[in-house]
Amino acid sequence: MKLKAICVYCGSSDKVNAIYRQAARQLGRLIADNGMTLWYGGGSTGLMGELADAALAAGGQVFGVIPEMFYNPRLAHDRLTHMEVVPSMHQRKLRLSQVADAFIALPGGFGTLEEFFEILTWAQIGLHEKPIGLLNTAGYFDPLVAFIEHARSEGFIYEEHRKLFMCKASPKELLESLKGYRPPPQLQEWLTREH
């Protein structure tokens, strides 16, 4: 699969372990080195800032989409290739979903998890067939993946839905997996209850 634009969801907190910052920088550089465009939430703090700065330093193009409520000097990145200011969080997420060829979630909090699960749910119900990945730095997402497996074993998530996202520990491995993604078969059967 040819990927040109990568949307990355990630935390904006500055109070995180350096290993997460390093992973964000690695991913930013990798996206730029592969000639891909980075799309993200437009912030300058936390992993968001590390990601964007690394991509820019590597000569990449970085596009931000930021809600008006966050568009201020303390939060918004001021050196992006292009910044789009939108009225709401909903419009930010919609815009990112439209422009991206793939989605990656780095470690983050409520916002990152909400963005990941929304784009995953949209894949589940057939609104898109784009690859989705978790960058599992230092096992950050292990408890989340374990919970998803629990929900699957209890019948709340079907096997084909578990295949809608990938989880890898290294940026390079994750990006290669996204390039090779093929939507799982039988998704329509879940919607029509034919199985």
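## Terms and basis

Helices (H or I, at least four residues) and strands (E, at least two) are DSSP runs, numbered from the N terminus. This is a predicted model, in which local features need pLDDT of at least 70 and side-chain atom pairs count only at pLDDT 80 or more, while totals for chains, interfaces and linings use all residues. Residues are numbered from 1 along each chain as its sequence is written, and side-chain values use heavy atoms, with hydrogens and water left out.

## H77 in its loop

H77 sits in the loop that runs between β3 (62-67) and β4 (82-86). With a relative accessible area of 7%, H77 is buried (under 20% relative accessible area; exposed is over 50% and partly exposed in between, with a 1.4 Å probe and protein chains only). The C-alpha atoms of H77 and T45 are 8.2 Å apart, although 32 residues separate them along the chain.

The side chain of H77 makes a polar contact of 2.6 Å with the side chain of D53, and also reaches the backbone nitrogen of R79 at 3.1 Å. A polar contact is a pair of N or O atoms within 3.5 Å; within protein, one must be able to donate a hydrogen and the other to accept it, and residues adjacent in sequence count only if both atoms are side-chain atoms. Not counting residues up to four places away in sequence, H77 touches Y40, G42, G43, S44, A52, D53, L56 and M83 (contact means heavy atoms within 4.5 Å).

## R162 in helix α6

R162 belongs to helix α6 and is buried, at a relative accessible area of 17%. Its side chain forms a polar contact of 2.8 Å with the side chain of E149 and reaches the backbone oxygen of F165 at 3.3 Å. Neighbours within four places in sequence aside, R162 is in contact with V145, I148, E149, R152 and I157.

## The buried face of α7

Helix α7 (residues 171-179) has P171, L174, L175, S177 and L178 buried. Seen down the helix axis, these residues fall within an arc of 160°, so they line one face of α7 (the arc is that of the directions from the helix axis to the C-beta atoms). An α-helix has 3.6 residues a turn, so residues three or four places apart point the same way. The cover over the buried residues of α7 includes β1, α1 (18-33), β5 (102-105), β6 (132-135) and β7 (166-168).

## Pockets and a cavity

On a 1 Å grid over the protein atoms alone, a cavity is a set of points where a 1.4 Å probe fits but cannot get out, and a pocket is an open set with protein on both sides within 12 Å along at least five of seven lines; lining residues have an atom within 4 Å of a point. Grid points are joined across faces, edges and corners, and a volume is the space filled by probe spheres set on the points.

The largest pocket holds about 350 Å³. It is lined by 20 residues, of which C10, S12, M48, F70 and R92 are closest to its centre. α4 gives the largest share of this lining, four residues. The second largest pocket holds about 220 Å³, and of its 13 lining residues F117, L120, Q124, I148 and I157 are closest to the centre. Here too α4 gives the most, with four residues. The largest cavity, of about 30 Å³, is lined by Y9, K93, E115, E118 and I119.
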